[in-house]
Amino acid sequence: MLDRIANAQHAIDDACRTIGRQITIMEVCGTHTVSIFRSGIRSVLPDGLKLLSGPGCPVCVTDQGYIDTVMELADRDDCVIATYGDMIRVPGSDGSLESRASKGNVRVVLSSEDALQLARENADKTVVFVAVGFETTTPATAVVVKEAAAESIGNFCILSGHKLVIPAMRALLGGMNDRIDGFLCPGHVSVIIGSGAFAEIVNDYHRPCVVAGFEPLQIIEGLAEICRQLAAGKAELKSVYKAVVTEKGNTAAQQIIAECFDPVDGYWRGLGKITRSTLALKERYARFDAFRRFGLEDKPGRDNSGCRCGEVLCGLIDPIQCPLFGKRCTPEKPIGPCMVSSEGTCAAWFKYGRRR
Amino acid sequence: MCLAIPARIVELQADRAIVDAMGNRWKARTTLLPDAKLGDVVLVHAGFAISLVDEEEARKTWELFAEIDNFEKTSNKVSG
Amino acid sequence: MCGMVQIRPEEMTRAMTANPERILLAHGGGGRLTSQLIRERIVPKFKNEALSELADSAHLTLASSDICFTTDSYVVKPLFFRGGDIGKLSVCGTVNDLAVAGSRPVALSLSLIIEEGFEFDLLERILQSVSDTAQRNHVSIVTGDTKTVEHGSADGIFINTAGIGIRLPNVHLGLDKVEVGDKIVLSGTIGDHGMTIVSQREGIGFESPLESDCAGLAELTCSLFESVPGIRFMRDPTRGGLAATLNEIVDGSGRSAQIDERAIPIRPAVQAAADMLGFDVLNAANEGKFVAVVPPEMANECLRVCREHPLGRDAAVIGEIVTTRDVPLVELRTKIGGRRVVQMPYGRELPRIC
């Protein structure tokens, strides 16, 4: 394995020298962000290659308005909040789910199934499932919504914060940060949507897109492929994660998403409103939609803290350029999701060693 | 944004499976993989199997998979 | 197979109305029931003079006045897990605190806070476990206390043990003694206890071959201190795991540490369980391991002594102490030859999907 990594490193070195200027590659998957830091890849890449972490952390891009809505529901006596552990410490404008733990109505679940089971076991409460995640996670939500419908479970609903990756990439290239030379594409989102889904980025924006898995070898070989393409003036779609990613993806999963959800305009932290980028439950499943059930709006939050997570998510600044980083905003006292989320760029920088 | 690990299906009833990763056994739904069979290695995310794993390809590129492979071979030798 | 204890509200009510086989609040009241509980259920488990006297305090005559004294409370859930239970843990944890401080543990106190409705059978099992573990580790339970609290206040049972150990001669441990060049020795695999507990927790539970590494280390540490002069420091990486202990070492000594990821022994099943949940094995608790900082010329001897003992078979040198450049930190050389920092963990690992 180590010699393959060494080969990939050489390929990157050669390409960078050929190109002669700094190359910027963005990875759009929080799990990539963390893997890169954990394995210390940055420290073995040449200076000519700048790695940006993009809006690929579903917790980080969840708008503050959504988080405040979850808190509102958590404060109700008739609700039980079921959530993946990732969301527990995300701060809203007034505390987090963790700070409401003493109320006893916030439960961490490992799967959407567990959330539905909670509804079966707590008939006197309404279970609200905090449904965040990209396309990798959305099908799991869709499966249980269909099951809830089939079983007529009346006390279960989801607050959908599911988002789509490609609209975010387009929003970035369309204006927010077009200084990105290539994309390392999310391996597990690709499992669902297929590597072919990224063809539109290659075709419309002429940027190399390489789908990679999460081990250091995968990531470095993915980066090497992007660099080789850039050095040759090419922009192609490739995958180095052939063990699980196919061109078409998981069609059963795509179908179940389409059955249950519609893409609608939604608010992304830092990127603002992006067209058809968020998933809302279809009319036929309206009774399982917490927004409609409780008469809530998906509105953007107003964040006055000085948090610059948005710019970090777009790759416009590094965490150390945020005045709060490492000072007022730390993993113990996080101000923005980028520091709370285990995948957040700021958390990764802080935890794995890039400080002031 | 996707923690998912490969595991082998060791029990399967309709779309409910038990998968094994290094001896740990987890529940997983195969609802999204209607063609999954007993003995297949699948990628599991948030309690759902989302993809079959091409074992040949995996052995070449996936260190974790190589470890699983090794683990399965040695534990088979021991337990028979 | 699953060793979880769940006491449901309906069971509580039943217990309180009729059942003599469960703890009642009165068992902690200091009267007849308390006396009965102590004489019939508790004392018989621990045959020693000091305890049998049932005086308000134990009278001990120790070989030396140079002693170590420690205390710890145990609130583990579930109470019974593969490889141990709260009873075993409450003895080993305190024994180990004394052991890594360079002392030979001799006596423990045992304080129980028991929830109303707790089954006597379970109490028996736990007490037997305390007794067996104490015997195995050559410590006596010399004094104790029993209180009861209302249902809902104690997760079944909480235990506190305080312990006394006799300082070994010529052992001078301290973070101020840590020097650049010293080697860092880890006595065995990490993450076993933490991931076992998680695997048996309600809501997360999964079937697993994992077992807690809960064990008393005094026999090993005493033999180590006797054979290896000049050990600088030792600590057992319990809550917060190896990451916390390494950070405590660098913070307390002002030096930095460089650790080799490939040298850290981890069972594949532990890593796989952590991967599935998104946990970091470096942050997972260990209850039968220690980290030692030793002069470089003593590292091999240290390994030799460890590996001869069943609890130290997988001992390894995982890194060394280096000069601090900027702020004291723990740097990990990763499997691919990269570098990253190991931070002090937050204090709570949550299962993630991202």
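Which domains does the domain assignment of chain C give?

## Domains of chain C

The assignment divides chain C into domain 1 (17-167) and domain 2 (175-342); domain bounds come from an automatic or database domain assignment. This is a predicted model, in which local features need pLDDT of at least 70 and side-chain atom pairs count only at pLDDT 80 or more, while totals for chains, interfaces and linings use all residues. Residues are numbered from 1 along each chain as its sequence is written, and chains are lettered from A and ligands numbered from 1 in the order in which they are written.

The C-alpha centres of domain 1 and domain 2 of chain C are 28 Å apart. Each domain of chain C gives 23 residues to the contact between them, where two residues are in contact if their C-beta atoms, placed from the backbone, lie within 7 Å. On the side of domain 1 of chain C that touches domain 2 of chain C, two or more residues come from each of helix 4 (86-100), strand 4 (103-115) and helix 5 (120-136) of chain C. Helices (H or I, at least four residues) and strands (E, at least two) are DSSP runs, numbered from the N terminus. Helix 4 of chain C gives the most to this side, with 10 residues. By class, this side of domain 1 of chain C holds 11 nonpolar, seven polar and five charged residues. Ala, Val, Leu, Ile, Met, Phe, Trp, Tyr, Cys and Pro count as nonpolar, Asp, Glu, Lys and Arg as charged, and the others, Gly among them, as polar.

## The four-stranded sheet of chain C

Chain C has an open sheet of four strands in the order 1-6-4-5, with mixed pairing; two strands pair if DSSP finds at least two bridges between them. Strand 1 (67-74) and strand 5 (140-149) of chain C are at the edges and have a single partner strand each, so one side of each is left without a neighbour in the sheet.

Eight bridges join strand 1 of chain C to strand 6 (residues 157-167) of chain C in the antiparallel sense. Thr71(C) stands opposite Ala162(C) in strand 6 of chain C.

## The five-stranded sheet of chain A

In chain A, five strands form an open sheet with parallel pairing, in the order 2-1-7-8-9. Its edge strands are strand 2 (49-53) and strand 9 (237-239) of chain A, each of which pairs on one side only.

Strand 1 (residues 23-27) and strand 7 (residues 182-186) of chain A pair in the parallel sense over three bridges. Met26(A) stands opposite Phe183(A) in strand 7 of chain A.
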